[in-house]
Amino acid sequence: MSEYILEMKDINKSFTGVHVLKNVSFNLKPGEVHALMGENGAGKSTMMKILMGIYPTDSGEVFINGEKLLIHNPKEGMEHGISMIHQELNPVLDMQVYENIFMGRELRTPLGLVDKKRMIKETKELFVKMGLNLPAMAFMRELSVAQCQLIEIVKAISLNAKIVIMDEPTSAITEHEVDTLFEQIERLKASNVAIIYISHKMDEIFRICDRITVLRDGNYIGTGEAKDFTNEKLIKMMVGRETSDIFPKADVPIGETILEVENMNLGKKVKNVSFTLKRGEILGIAGLVGAGRSELVETLFGMRKKDSGTVRIQGKEVDINHPSKAIKNGIALITEDRKFTGLNLTASVNHNISVASMSKVSKFGIIDQIKESKIAKEYIKKLSIKTVNENTHVQNLSGGNQQKVVVSKWLYRDGDIFILDEPTRGIDVGAKHDIYLLIGEFVKQGKGVIVISSEIPEVMGLSDRIIVMAEGRVTGELKRDEFSQENILTYATQFGEGDLL
């Protein structure tokens, strides 16, 4: 009997001539949490999709409990006790929660009819068991992204799987919900369930994982006990270089005021918010989930219609009631959800880069494809975007490279005010560093930058000044020498206490 519940040996996989996995091996013990680490594009998700039967291998072997298997599809994977929580959620939005959990394995009555009552009952029992307060009969479209993520986790656990793959399971859930997830992971471990854990969040890895395996550029780099790793050692293995300066801060003189927002209001989401932004300045906006940060910048960009408030750019009052007006006034917004509001996933890299600047690459409504292609190649080289070529569909790129395409779009458009909403969410440490360097380049060019981040070390590391929001209000402002997690959290938790500014 093998000591491993899973062994993957010498796995190779290529897509359209790109060798994405090169003789990679991985093993998993019963009852352990094994982190699979690496930058976006390292091959982690591809490795797991091979295990699930979503992709076939070009060569290599998979063993479950010492038995060699060929898994042809996810149904076969589930039959062998493998369940995967995907990074990209795909719930059926017009079905109810319990239907999503039992989809494809519906419970039936002795007469063969779908047993709705029993499915609802078992769904509620699962929620109670996991300590979750979720509605079993709500439609999925009524739920938040975090709630959808938790339901995917419940679904995986409900399958009684012996191997659970968790691909970025905490990317869209709150700290409390993370604690709930980790409690479930401990219960699964106690039941001898093995977990493959993929995350870019170092604190989670060291908190929950027993062993760590690192991939880089499709190559196996090494495996070890989590307790034998340090943050620095793990980062070096992942990126192949030292990253001593995690947040490279450009030393840039602060110039004149470029943006003024006065008494901005948007229902209950944004309440009487005022702030300024100067050239060469990085203004951080911090706050807890639901504080109104994204709603504020989306209103500023014209994605939402403000109830009241004044916006001045370079001293001139402007009425921005549509994104096109924001763009004409030199504002660029890199949205929180790049896949839905930042990119056309089914279009090519070159189209995504040029889409906000059609007048630059077209004449009389006809796109100059040679020019569009040339521009894309320039930005692919400039931002080190990993892609087969400029004609590759963006959906085939890793998260970090997709984010670089969004940044390229706005760099090519050019402007004076760059707003980045969660610019490094779901991307690896190497791509994060590249994004930080780009932000530094923005301010060196005299642009004003607004950064929203839920990661307090990130917003502190990048910003010259931070405003903090709670319940749609600005509750505090901090200069760089006043930055601390305690100060930010103090302002971020001032609920219902009126404005401090």
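## Salt bridges, helices and a pocket in a predicted model

Student: What does Lys13 form with Asp58?
Tutor: Lys13 and Asp58 form a salt bridge, with their closest N and O atoms 3.9 Å apart. Keep in mind that this is a predicted model.

Student: Where in the chain do Lys13 and Asp58 sit?
Tutor: Lys13 is in strand β1 (residues 6–15), and Asp58 is in the loop between α1 (44–51) and β4 (59–64). The pair links distant parts of the chain, 45 residues apart.

Student: Is Lys13 buried or exposed?
Tutor: Lys13 is buried, because its relative accessible area is 7% and the cut-off for buried is under 20%. Asp58 has a relative accessible area of 46% and is partly exposed.

Student: How many salt bridges does the count come to?
Tutor: The count comes to 27 salt bridges.

Student: Which side chain does Arg207 meet in a salt bridge?
Tutor: The side chain of Asp179, at 2.8 Å from N to O. Arg207 is partly exposed, with a relative accessible area of 47%. Asp179 is also partly exposed, with 31%.

Student: And what about Lys249, which residue is its salt-bridge partner?
Tutor: Asp464, with the closest N and O atoms 2.9 Å apart. Lys249 is in the loop between α8 and β11 (257–266), and Asp464 is in the loop between α17 (456–462) and β21 (465–470), so the pair ties together parts that are 215 residues apart in sequence. Lys249 is partly exposed at 28% relative accessible area, and Asp464 is partly exposed at 21%.

Student: New topic: α9. How many of its residues are buried?
Tutor: Eight of the eight residues of helix α9 (residues 293–300) are buried, so the helix is largely enclosed by the rest of the structure.

Student: What follows α9?
Tutor: Gly302, whose phi is positive, near 85 degrees.

Student: And Glu232, buried or exposed?
Tutor: Exposed, because its relative accessibility is 55%. Glu232 is found in helix α8 (residues 231–239). From Val128, Glu232 is 104 residues away in sequence and 40 Å away in space, C-alpha to C-alpha.

Student: Last topic: what volume does the second largest pocket have?
Tutor: About 300 Å³. Of the 18 residues that line the pocket, the closest to its centre are Lys129, Ile157, Ser158, Asn160 and Leu188.

Student: Which helices each supply at least two residues of that lining?
Tutor: α4 (116–130), α5 (145–158) and α6 (175–190).

Student: How do the lining residues divide?
Tutor: Into nine nonpolar, four polar and five charged residues.

Notes. Residues numbered from 1 in each chain as written. Predicted model: local features only at pLDDT ≥ 70, side-chain atom pairs only at ≥ 80, totals over all residues. Heavy atoms only, no water. 1 Å grid on protein atoms, 1.4 Å probe; cavity = no way out; pocket = protein on both sides within 12 Å on 5 of 7 lines; lining within 4 Å. Points joined across faces, edges and corners; volume = space filled by probe spheres on them. Helix = DSSP H or I, 4+ residues; strand = E, 2+ residues; numbered from the N terminus. Nonpolar A, V, L, I, M, F, W, Y, C, P; charged D, E, K, R; others polar. Buried < 20%, exposed > 50% of the residue type's maximum accessible area, 1.4 Å probe, protein only. Salt bridge = Lys/Arg side-chain N within 4 Å of Asp/Glu carboxyl O.
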